[in-house]
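Here are some friendly notes to read with the model open beside you. Take the points one at a time, and find each residue as you go.

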Amino acid sequence: MFEVNRSIALIRPKAPFLDWLQRLPGDLDGQLDLDILTRDCNALLIPAADDYASAADFVLQHYRLLFQAELADWCDDEQLWPEQLSPALFLEWFEVEIHSVLTDMVETPLEREPFVPLDLNAED
């Protein structure tokens, strides 16, 4: 086992995010609930946290990219997104859960590939 010099932030959807999903055009009616959405939510490796506040601040500094990624996972039409993506709206739609200790129990080295955010303004 190896302790990793990172902490984890979980981004758990809340009821307003589910409400938005259920208003999207398509066949999501009745297929989703908060239990399903929160069971396998996004986990982020963040700098090792000395305290909850500094870890939460780090996440909030990146709220726009995180918000866009969460929305784009479900809908790539920006016209259907909320007009203003703000830190307050992010916290209304998502719970940020911090875990300060990360232990790697796998001997295989980590593999990394760059995350390339979806460019919703690019021409096809």
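1. Start with Cys 75, which counts as buried because its relative accessibility is 8%. The word "buried" means under 20% relative accessible area, "exposed" means over 50%, and "partly exposed" is in between, using a 1.4 Å probe and protein chains only. Cys 75 sits in the loop between H4 and H5. Helices (H or I, at least four residues) and strands (E, at least two) are DSSP runs, numbered from the N terminus. Leaving aside residues up to four places away in sequence, Cys 75 touches Trp 20, Leu 24, Leu 80 and Trp 81; a contact means heavy atoms within 4.5 Å. Pro 25 is 50 residues from Cys 75 in sequence, but the two are 9.6 Å apart in space, C-alpha to C-alpha.

2. A word on where these values come from. This is a predicted model, in which local features need pLDDT of at least 70 and side-chain atom pairs count only at pLDDT 80 or more, while totals for chains, interfaces and linings use all residues. Residues are numbered from 1 along each chain as its sequence is written, and side-chain values use heavy atoms, with hydrogens and water left out.

3. Now step back to the whole chain. How many helices and strands does the chain have? There are five helices and five strands, and from the N terminus on they follow the order β-β-α-α-β-α-α-α-β-β. The chain has 124 residues, and 31% of them count as buried. Among contacts with a separation of 6 or more, 76% are between residues 24 or more positions apart. The chain exposes about 8900 Å², with carbon and sulfur atoms supplying 50% of that area; accessible areas come from the Shrake-Rupley method with a 1.4 Å probe, and for residues only the protein chains shown count as cover.

4. Next, the aromatic rings. Rings of Phe, Tyr and Trp (its six-membered ring) pair if their centres lie within 6.5 Å; planes under 30 degrees apart count as stacked, over 60 as edge-to-face and the rest as tilted. The count by this rule is eight aromatic pairs. One of them is the edge-to-face pair of Phe 67 and Trp 93, at 5.6 Å centre to centre with 65 degrees between the planes. This pair links distant parts of the chain, 26 residues apart: Phe 67 is in helix H4 (residues 63–74) and Trp 93 in helix H5 (residues 87–93). Phe 67 counts as buried because its relative accessibility is 0%, and Trp 93 counts as buried at 6%.

5. Phe 67 also pairs edge-to-face with Phe 94, at 5.6 Å centre to centre and 90 degrees between the planes. Because Phe 67 lies in helix H4 and Phe 94 in strand E4 (residues 94–99), the pair ties together parts that are 27 residues apart in sequence. Phe 94 is buried, with a relative accessible area of 1%. Phe 17, Trp 20, Phe 67, Phe 90, Trp 93 and Phe 94 form one aromatic cluster.

6. Have a look at Pro 16 in helix H1 (residues 15–23). Is Pro 16 buried or partly exposed? Pro 16 counts as partly exposed, because its relative accessibility is 22%. Not counting residues up to four places away in sequence, Pro 16 touches Glu 92 and Trp 93. Pro 16 and Glu 92 are 76 residues apart in sequence, yet 7.1 Å apart in space, C-alpha to C-alpha.

7. Ser 7 belongs to strand E2 (residues 6–13) and is buried, with a relative accessible area of 0%. A polar atom of the Ser 7 side chain lies 2.8 Å from the backbone oxygen of Ser 100. Beyond four places in sequence, the residues that Ser 7 touches include Leu 44, Ile 46, Ala 48 and His 99.

8. Finish with Asp 104, in strand E5 (residues 102–104). The Asp 104 side chain does reach the backbone nitrogen of Val 106, at 2.9 Å.

How values were computed. A polar contact is a pair of N or O atoms within 3.5 Å; within protein, one must be able to donate a hydrogen and the other to accept it, and residues adjacent in sequence count only if both atoms are side-chain atoms.
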